[in-house]
Amino acid sequence: MAFTIAIDGPAAAGKGTIGRALAAHFGFAHLDTGLLYRATGRRMLTGLDPVEAAQSLRAEDLDADDLRTPDVSQAASRVAAIPEVRQALLDFQRAFARRAGGAVLDGRDIGTVICPEAEVKLYVTAADAERARRRHVELTGKGHDVTLEEVAQDLRDRDARDSARATAPLKPAEDAVLLDTSEMTIEEATARAIAIVTAAQ
Ligand code: C5P
């Protein structure tokens with residue numbers, strides 16, 4: 001039986017962590033849709049046309065180890081504003097969402113555009129400073145040489161671009177449950193998300 005959990009929200013709000021935890025708890029597959037845009041942006045930086053890059057994306061492209069750098073983050077958000085890029089990535093995401101056995105997708109437009117019929121929609125947010133702090137810890141922990149201010153600026157730029165674009169802008173679906181994780185530990189946020197999904201089953 002197909003059961004889709006759609007998770008949207010601004011950058012570094014905890015969507016991926018919550019998505020992975022929900023997938024593990026319910027035995028669902030998980031797709032971080034940001035990776036599709038990051039891999040497309042990364043290929044654009046190597047000189048490819050972004051629409052062709054999205055159309056010819058392969059599974060291996062999602063495994064590149066530099067997909068989280070600030071350059072690739074910005075490139076992802078720029079290619080994500082191109083309607084033909086979004087169109088090229090649509091069918092894959094929809095098919096993933098309706099696979100048998102359940103699926104969790106996280107991104108910016110999952111509840112609004114990719115899966116408006118999702119059984120559960122979460123909109124995950126956290127205060128700007130907290131999101132920057134968390135992402136800075138994550139990146140420096142992986143050995144990336146970035147300052148807190150650079151990370152904060154990257155998040156501000158992307159959130160502004162992602163919210164302002166004409167096609168599939170970042171916004172909560174009307175029927176999404178809001179989850180502000182600013183004051184929550186990972187465990188608390190995950191427990192809350194599990195409770196929301198359990199109540200919807
Ligand atoms: O989620 P993540 O921060 O990895 O996404 C990178 C960029 O990809 C975002 O800033 C956004 O521009 C784009 N994106 C999107 N729609 C999605 C997922 C990501 O536009 N569903």
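Is strand S3 (residues 103-107) largely enclosed by the rest of the structure or open to the outside? I found five of its five residues buried, so S3 is largely enclosed by the rest of the structure. My cut-offs: a residue is buried if 20 or more other C-beta atoms lie within 10 Å of its own, exposed if 12 or fewer, and partly exposed in between, with C-beta atoms placed from the backbone.

Before going on, I noted that this is a predicted model: local features need pLDDT of at least 70, side-chain atom pairs count only at pLDDT 80 or more, and totals for chains, interfaces and linings use all residues. Residues are numbered from 1 along each chain as its sequence is written.

**Strand S3 and its partners**

I checked which way the side chains go: Ala103, Leu105 and Gly107 point one way from S3, while Val104 and Asp106 point the other way, and all are buried. Strand S1 (residues 4-8) runs parallel to S3 and is joined to it by five bridges. There I picked out Ile7, whose bridge partner in S3 is Asp106. Strand S2 (residues 29-32) also pairs with S3 in the parallel sense, over four bridges, and Ala29 has Ala103 as its bridge partner. Pairing here takes at least two bridges found by DSSP between the two strands.

**The whole chain**

I counted nine helices and five strands. These are DSSP runs numbered from the N terminus, helices being H or I of at least four residues and strands E of at least two. Along the sequence the pattern reads β-α-β-α-α-α-α-β-α-β-α-α-β-α. For 201 residues, a compact globule would have a radius of gyration near 17 Å, and the chain's 16 Å agrees; I took that radius over C-alpha atoms, with the globule rule of 2.2 Å times the number of residues to the power 0.38. Of the 201 residues, 42% count as buried.

**Helix H2**

Next I turned to helix H2 (34-45). Ten of its twelve residues are buried, so H2 is largely enclosed by the rest of the structure; among them are Leu36, Tyr37, Arg38 and Met44. These buried residues pack against S2, helix H3 (50-55), H4, helix H5 (83-97) and S3. After H2 comes Gly47, with a positive phi near 110 degrees.

**Around the ligand**

Which of the 15 residues around the ligand come nearest? I noted Gly34, Tyr37, Ser77, Ala80 and Gly107, where near means a C-beta atom, placed from the backbone, within 6 Å. H2, helix H4 (70-79) and H8 each supply at least two residues of this shell.

**Ala168**

Last, I looked at Ala168, in the loop between helix H8 (148-164) and strand S5 (177-180). Ala168 has 19 C-beta neighbours inside 10 Å, so it counts as partly exposed. Leaving out residues up to four places away in sequence, Ala168 touches Arg86, Arg108, Asp109, Thr112 and Val113; contact means C-beta atoms, placed from the backbone, within 7 Å. I also logged a separation of 30 Å between the C-alpha atoms of Ala168 and His144, 24 residues apart along the chain.

Definitions and conventions:
Contact = placed C-beta atoms within 7 Å.
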